[in-house]
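Me: I would like to learn how to read the backbone and packing features of a protein model, one feature at a time. Could we take the structure below as our example?

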Amino acid sequence: MASFVEIDLVPLSLTSLSKRPCLPLSRKSLIFYCRDSKSKLGLRWVFNSSKPAFLAKDSHIFTKRHPIVAVARAEADKVRDDYAKQEGDTKESDGVLIQQKASQLRKRIVSGIGIGVSVGGVVLAGGWVYTAAIAAAVFVGAREYFELVRSHGITAGMTPPPRYVSRVCSVICALMPLVTLYFGRIDIWVAFAAFVVAIALLLQRGNPRFAQLSSTMFGLFYCGYLPCFWIKLRCGLTAPALNTRIGATWPILLGGQAHWTVGLVATLISISSVIAADTYAFMGGKAFGRTPLTAISPKKTWEGTLAGLGGCIATTVILSKTFCWPVSFLSATALGFLIFFGSIFGDLTESLIKRDAGVKDSGSLIPGHGGILDRADSYIFTGALAFSFVKTFLPLYGV
């Protein structure tokens, strides 16, 4: 049976007619039918291997002598032009998208290098320089947190605290690291600040809500109290760590041997392990990620989490052998596990806040990275776990 193709969706504009013989085209017959919507002229083109092509009208009265070839200009040319234009626009948009991704990647790399160098210098400096830098980061992070609390996604289900309370809490959070360094502890001051803020919320005009109190208290704990453990870890553990050549040859400009303390070593190991956990989790998730970890962050997978855990513990063990602290392999492994647990828990906590707020980033302070909370979320709980491990479990159990 001859193959049949009917085309009646492309309107034609008849321009000329000519008498030309047509050669057979193929073994199968092809019939193309086109109609001009304006002139109501129907054209049927018949191609067959045994017969020459000829033209017929809708009345099916065929010409008997010479085939008539109609040279027509169809709107199909316009369709092809539009398609080509769309193809060009698609390629151009793809090129722009690739350029944007490359530009964003460059921003992330440059910002990451700048942040790494700055953080490294601040950690080595210690003292008030280190504390002031953390206080500044805490203030910005607190501001981002209370802005997230006031976002439309969260306020749809709760009443946010007043703006003056949010601003006062941000200042209180920024003062907590300074108070920690000066007094050595902050428990009483945190309790007092929480009591004052709670009284202000309960005695405010209008209709006080429990959501205001809960979100504000969590903000004081999350943005103010937890980062203070990094001050305790770096500046509170002042015992010299002279078991390594690094400690014996520590430059005088950086404080000499007395400045190479257990707190500095623990801080360097903790920060490096968090970076390793994030890096290995990202690479493992990209390469092997199949099973979602939690609905809070759909991009995180169990495969990436296990890769991050392995990378974090390996980094902790290697650095412990380099710095000769902690001494035992079991201690380094336990510390690496706690650091990773604090890292992933802090990341998921911030992801939960952003998901409810309906935003991708907590802010736009750091080019290519987002806000302070986006970069520091993995460190918020890690400092408390690392300090508790070094201060309590190492002396108590000797692990």
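Predicted model: local features only at pLDDT ≥ 70, side-chain atom pairs only at ≥ 80, totals over all residues.

Me: What kind of peptide bond joins W325 and P326?

Reply: The bond between W325 and P326 is cis, with omega at about -10°. P326 is likewise found in the loop between α10 (302-323) and α11.

Me: Turning to helix packing, at what angle do the axes of α4 and α7 cross, and how should I read that angle?

Reply: The general idea is that an angle under 35 degrees is read as roughly parallel and one over 145 as roughly antiparallel. Here the axes of α4 (residues 163-183) and α7 (residues 228-236) come within 9 Å and cross at roughly 30°, which means that α4 is roughly parallel to α7. The crossing in which α4 passes α7 is right-handed.

Me: Which residues of α4 and α7 meet?

Reply: From α4 the contributors are M176, P177, T180 and L181, and they meet C228, I231, K232 and C235 of α7. Sorted by class, the residues of this contact of α4 with α7 are six nonpolar, one polar and one charged.

Me: How are α5 and α6 oriented to each other, roughly parallel or roughly antiparallel?

Reply: The axes of α5 (residues 187-202) and α6 (residues 210-225) come within 10 Å and cross at roughly 155°, and the two helices are therefore roughly antiparallel. The crossing of α5 and α6 is right-handed. On the α5 side the contact is made by D187, V190, A194, V197, A198 and L201, and on the α6 side by Q212, L213, T216, M217, L220 and Y225. In the contact of α5 with α6, nine residues are nonpolar, two are polar and one is charged.

Me: How many residues of helix α12 are buried, and what does that say about the helix?

Reply: Burial is judged by relative accessible area, with under 20% as the cut-off. In helix α12 (residues 372-380) seven of the nine residues are buried, so the helix is largely enclosed by the rest of the structure. The buried residues of α12 are I372, L373, D374, D377, S378, Y379 and I380.

Me: With which residues is D347 in contact, and is D347 buried or exposed?

Reply: D347, whose place is in helix α11 (residues 329-357), is buried, with a relative accessible area of 15%. If neighbours within four places in sequence are left aside, D347 is in contact with K300, D377 and S378, and D377 and S378 are among the buried residues of α12.

Me: Finally, how many helices and strands does the protein chain have, and how can I read the chain as a whole?

Reply: The secondary structure of the protein chain comes to 13 helices and seven strands. Of its 399 residues, 40% count as buried, while the chain exposes about 23,200 Å², of which carbon and sulfur atoms supply 66%. Among contacts between residues at least 6 apart in sequence, 66% join residues at least 24 apart.

How values were computed:
Residues numbered from 1 in each chain as written. Heavy atoms only, no water. Axes fitted to C-alpha atoms, helices over the stretch in contact; angles between N-to-C directions. Helix = DSSP H or I, 4+ residues; strand = E, 2+ residues; numbered from the N terminus. Parallel < 35°, antiparallel > 145°, perpendicular 65-115°, else oblique. Left-handed = near helix turned anticlockwise from the far one by under 90°. Contact = heavy atoms within 4.5 Å. Nonpolar A, V, L, I, M, F, W, Y, C, P; charged D, E, K, R; others polar. Buried < 20%, exposed > 50% of the residue type's maximum accessible area, 1.4 Å probe, protein only. Areas by Shrake-Rupley, 256 points an atom, 1.4 Å probe, with all protein chains shown as cover.
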